[in-house]
Amino acid sequence: MSTKKPFYITTPIYYPSGKLHIGSAYTTIACDVLARYKRMMNHDVFYLTGLDEHGQKIQTKAEEAGISPQAYVDEMAKEVKELWSLLDISYDKFIRTTDNYHEEVVAQVFEKLLAQDDIYLGEYSGWYSVSDEEFFTESQLDEVFRDESGNVTGGIAPSGHEVEWVSEESYFLRLGKYADRLVAFFNEHPEFIQPDGRMNEIVKNFIEPGLEDLAVSRTSFTWGVKVPSNPKHVVYVWIDALLNYATALGYGQENDANFDKFWNGTVFHIVGKDILRFHSIYWPIMLMMLDMKLPERLIAHGWFVMKDGKMSKSKGNVVYPEMLVERFGLDPLRYYLMRSLPVGSDGTFTPEDYVGRINYELANDLGNLLNRTVAMVNKYFDGKVPAYKENVTDFDQELAQTVEANINEYYKQMDAVDYPRALEAVWTIISRTNKYIDETTPWVLAKDDSRLEELESVMSHLVASLRVVAHLIQPFMMSTSNAIMEQLGLKGQFDLENLSLAGLPNDITVVTKGKPIFPRLDMDEEIQYIKSQMESGSKNQVSDSKEEWLPENVTLTSSKEEIKFETFDAAEIRVAEVKAVSKVEGSDKLLCFKLDAGDSDDRQILSGIAKFYPNEQELVGQKLQIVANLKPRKMMKKYISQGMILSAEFDGKLNVLTVDQSIPNGSIIG
């Protein structure tokens, strides 16, 4: 049994309103790597992940789909668990905020904080995004809508979602009361928020200007934990969501052994930088209110972005992990994500970089080293690995020193959760071992019987080095690590804590013929494949929001390669002539179209294509293709949009789809 301090690692609990792309996969794999590493270092580990399932957006989505919110989140949870299974995530518990035990504790905590005057009843007014579950000030909005008098009527949040003015009774959390205590904690624990610089951002941007009390209840929807003493209120997202880290361990419950054990051990939260504020301010203050120990570490990583900016379905640049795993296998994805995101900043995903790392780092560097080693041991010693001896050749000591130094560097960087540098240490060993082959020239040694001992030393050093590499990459690439060990005749023999070249066991036999662990890829073909999947994957997400989706049992999702006729037939595409078009006052993006689509009255459609048609009057008289049977949608509070104009976008340019002028208005396209 381990005598080391128990280790508790958590992902954020994901909001199940969209198909998870490689950003969420990154966070979950990053936590998985740390959990596996700590287990191999003989810590008792508890790894938590899960879903944040309450809120207005979930309730609205479920109502639109004609199902209960519970049925909606049940399907989402199923799909997320399937993804984590595909990515081989070794979590110990999957929490859902709809779990009964969690809801009961949330209600208890709310009443406790209310009784001790850390929560009070007031009124909140502000710009609210349903999709983001967040309030914004006017200055925080990316775009502001105004009426003829210049009054603000709405706007667009940084996420791209529309906001609405909300004014309602609300309970508030007294953040300001604990601001000085929080700053004192930061000063006493400068390592609490990582990477370096993140803590300064929080203090400068949110604490020094003055902490405003936080609205923590809503009355405009019902899908959430009801406040026991005032059930017209439901507990708003952040108290409900953040408490999951404690309730999952048994906090506030009869069986709280895991809480006593792991919360009093070492606690690590890993989150994306976009939710750092909630975890670095709201969560520590809640813990102070509850007189609980604060976590040891809060790690806020950057994002994977594309060359043209943040991932967006509308840009056709979203990367989903399922596609990469299906095509290239799981280990290349785990390796790429952990190797390519610099600590403290964003990383750029490109198909070229993804395929290049597989070919050059995995196939060339690691794969070829294994292939050459297994082949030479078979050729020169019939597969029997000679016993390890030190300092036989002129190059043995330097290799051993390089391996030892980089094992220590690996430990240091893994403990710092700096995966790119940890993997760089591993690849330094791989590179040095490849160089060792060129220096010792075993093919020359094999021709001289007097140099047999040198040849034996070279073979044992190569196998010993690969054994070290297999141990070091085990938390990242489990299948690859296991395959290396199996080909070396060392299946299942892992001891990461006491690792050295000299630890190579005696009397081992490599496989007769090693199978390449990473066959080389055709660069052009695979790059094009990823690009095509990014485009088709983005187009095939059916939703009323560019950043959202619905589960397969709620709305139709389709594959570009094959769909049922009924799927296509459900859309009524008509010919519609543009009778008039104008810019929408208060918006830089929207055009308002009046169209003759064969209806008794003209049809109005709002379309966000203004930047592509600066002279919008050129569209008057053109016959366009529209989706005519979409549910009408209210936009900017006073406009009704009655359909969708079809367009084609390529290489940053967009054109509406037109038809021949001779085709009558209202004609059905199909």
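Predicted model: local features only at pLDDT ≥ 70, side-chain atom pairs only at ≥ 80, totals over all residues.
User: Where does UniProt place the "short sequence motif: 'HIGH' region"?

Analyst: The UniProt entry, which is unreviewed, puts the 'HIGH' region at residues 14–24.

User: In what order do the six strands of the open sheet run?

Analyst: The order is β3-β2-β1-β13-β14-β9, with parallel pairing. The edges are taken by β3 (93–96) and β9 (193–194); each has a single partner strand, so one side of each lacks a neighbour in the sheet.

User: Which helix packs on the sheet, and which strands does it touch?

Analyst: Helix α10 (residues 276–289) does, touching β9, β13 and β14 (297–301). The direction of α10 makes about 160° with that of β14.

User: How many bridges join β1 and β13?

Analyst: Four bridges, in the parallel sense, pair β1 (residues 7–10) with β13 (residues 266–272). Within this pairing, T10 stands opposite H269 in β13.

User: Is V152 buried, partly exposed or exposed?

Analyst: Buried means under 20% relative accessible area and exposed means over 50%. V152 has 22%, so it counts as partly exposed. V152 lies in strand β7 (residues 152–156).

User: What is V152 in contact with, leaving aside its neighbours within four places in sequence?

Analyst: The contacts of V152, with those neighbours left aside, are W127, E138, V144, F145 and R146. A separate value concerns W165: it is 13 residues from V152 along the chain, and their C-alpha atoms are separated by 9.8 Å.

Notes: Residues numbered from 1 in each chain as written. Heavy atoms only, no water. UniProt positions renumbered as here; feature names shortened; annotations may be inferred. Pairing = 2+ DSSP bridges. Helix = DSSP H or I, 4+ residues; strand = E, 2+ residues; numbered from the N terminus. Contact = heavy atoms within 4.5 Å. Axes fitted to C-alpha atoms, helices over the stretch in contact; angles between N-to-C directions. Buried < 20%, exposed > 50% of the residue type's maximum accessible area, 1.4 Å probe, protein only.
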